[in-house]
Amino acid sequence: MKILISQLPQSPWWQNGVPLYDDNPAMRLGAMPDQSILEKERLDLISILNDLNIEIIELPFPSAYNADPIKHDFVYIRDPFITNQKGKAVILRMKEPNRRGESTMAGQLLEKMGMEITRIPDKPGLYAEGGEFYFCPQDGVLFSGACRNNIKGAEWVAQEFNVDELVLMKSNAFHIDTLFTPVINLENTLVAVIACTSLMEKNSVENLKLFTKRKGIELVEVPPEDAIGTVNELGEFAVNCEPIPGYLIGPTRFRSNKVAPLLKELGVMHITVPTTQFRLSGGAIHCLTNEL
């Protein structure tokens, strides 16, 4: 398995303070990440993945973003594209206009790596971001949020990857990875999902329950503090995980006492790597990684 991680910018990331996007309450307006801690957290993540025999490919940070004061979150390499994990990437059209240049940059870099590239058409009414997807290729299942993805964008990606099932989850959370993660076993098979269903729309919760029942897998429902949280209190983002065969890599332990026993039963190890400085801009482990 190969995982892509972006290099950090040469100048301090958000050195003039983190901005605030309207639909991302996790962003801490004006916060300035501590660069030394930021670098250590990134290296710790790479070290953990290397220990698990995951091949890490570091994507060069775009020189244009080092030179100009552009609003960007390119370090969240999850968002500009999604791959079928077999050499093909779909370059996404982000809902957040300030970040659309990141997709262009990522596409150019992936082409240089020799990947097959397809681009979502650049037209109004069609948008999707990588943090809104979890793809389980062995099961042919694509999980999608419906906030920064719209239905057309999610369906476009599902058709491009010829998935067996598209599972949509509507909520006010800007990305699905702030309230949901799948769990896969050593055989790379989907065996469970962890979700903060209280933050999802009722129909989405019912559909997710029907899906897990039909697939014969577990649904673990966790509280908002294990997800993005509420208007009054930001959550811990424990669900923002990178699922790899037999492991679930996340930023912190789950407060819910239901998760650990289930993972043990399924033979899946939960490993945590703090991402305190990345969290200032609303991201964690899933945001920083992307499967190739």
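How many aromatic pairs does the count come to? The count comes to five aromatic pairs, where rings of Phe, Tyr and Trp (its six-membered ring) pair if their centres lie within 6.5 Å.

1. **Before you start.** This is a predicted model, in which local features need pLDDT of at least 70 and side-chain atom pairs count only at pLDDT 80 or more, while totals for chains, interfaces and linings use all residues. Residues are numbered from 1 along each chain as its sequence is written, and side-chain values use heavy atoms, with hydrogens and water left out. Helices (H or I, at least four residues) and strands (E, at least two) are DSSP runs, numbered from the N terminus.

2. **A tilted pair.** Start with Phe143 and Phe180, whose ring centres are 4.9 Å apart; their planes stand at 50°, so the pair is tilted. By the rule used here, planes under 30 degrees apart count as stacked, over 60 as edge-to-face and the rest as tilted. Phe143 belongs to strand S7 and Phe180 to strand S9, so this pair ties together parts that are 37 residues apart in sequence. Both Phe143 and Phe180 are buried (buried means under 20% relative accessible area, exposed over 50%, partly exposed in between, with a 1.4 Å probe and protein chains only).

3. **An edge-to-face pair.** Phe143 also forms an aromatic pair with Phe211, and this one is edge-to-face, at 5.6 Å centre to centre with 90° between the planes. Since Phe143 lies in strand S7 and Phe211 in helix H5, the pair ties together parts that are 68 residues apart in sequence. Phe143 and Phe211 are both buried. One aromatic cluster is made up of Tyr134, Phe143, Phe180 and Phe211.

4. S6 pairs with S7 in the antiparallel sense over four bridges (two strands pair if DSSP finds at least two bridges between them). The bridge partner of Phe135 in S7 is Leu142. Four residues lie between the two strands of this hairpin, and Gly140 in the turn has a positive phi of about 65°.

5. **Helix H5.** This helix (residues 202-215) has 14 residues and reaches 20 Å from its first C-alpha to its last, close to the 20 Å expected at 1.5 Å a residue; the expected span is 1.5 Å times one less than the number of residues. Ser204, Val205, Leu208, Phe211 and Thr212 are buried in H5. Seen down the helix axis, these buried residues fall within an arc of 125°, so they line one face of H5; the arc is that of the directions from the helix axis to the C-beta atoms. An α-helix has 3.6 residues a turn, so residues three or four places apart point the same way.

6. **Around H5.** Lys202, Asn203, Leu210, Lys213 and Arg214 are exposed on the other side of H5. The buried residues of H5 pack against strands S7 (141-145), S8 (165-169), S9 (180-184), S10 (190-195) and S11 (218-221), with contact meaning heavy atoms within 4.5 Å. Just after the helix, Gly216 takes a positive phi of about 70°.

7. **Helix H4.** Which residues of H4 (residues 151-160) are buried? They are Gly153, Ala154, Val157 and Ala158. These cover an arc of only 135° around the axis, which puts them on the same side of H4. Lys152 and Gln159 are exposed on the other side. The cover over the buried residues of H4 includes strands S3 (81-83) and S4 (88-91), as well as S6, S7 and S8. Asn162, which follows H4, has a positive phi, near 55°.

8. **A three-strand sheet.** Another place to look is the open sheet of three strands in the order S2-S1-S15, where the pairing is mixed. S2 (55-59) and S15 (290-291) stand at the edges with a single partner strand each, so one side of each is left without a neighbour in the sheet. S1 (residues 2-6) pairs with S15 in the antiparallel sense over two bridges, and the bridge partner of Leu4 in S15 is Asn290.

9. **A glycine in H3.** Finally, Gly107 lies in helix H3 (residues 100-112). Gly107 is buried, with a relative accessible area of 0%. Leaving aside neighbours within four places in sequence, Gly107 is in contact with Ile91, Ile117 and Arg119.
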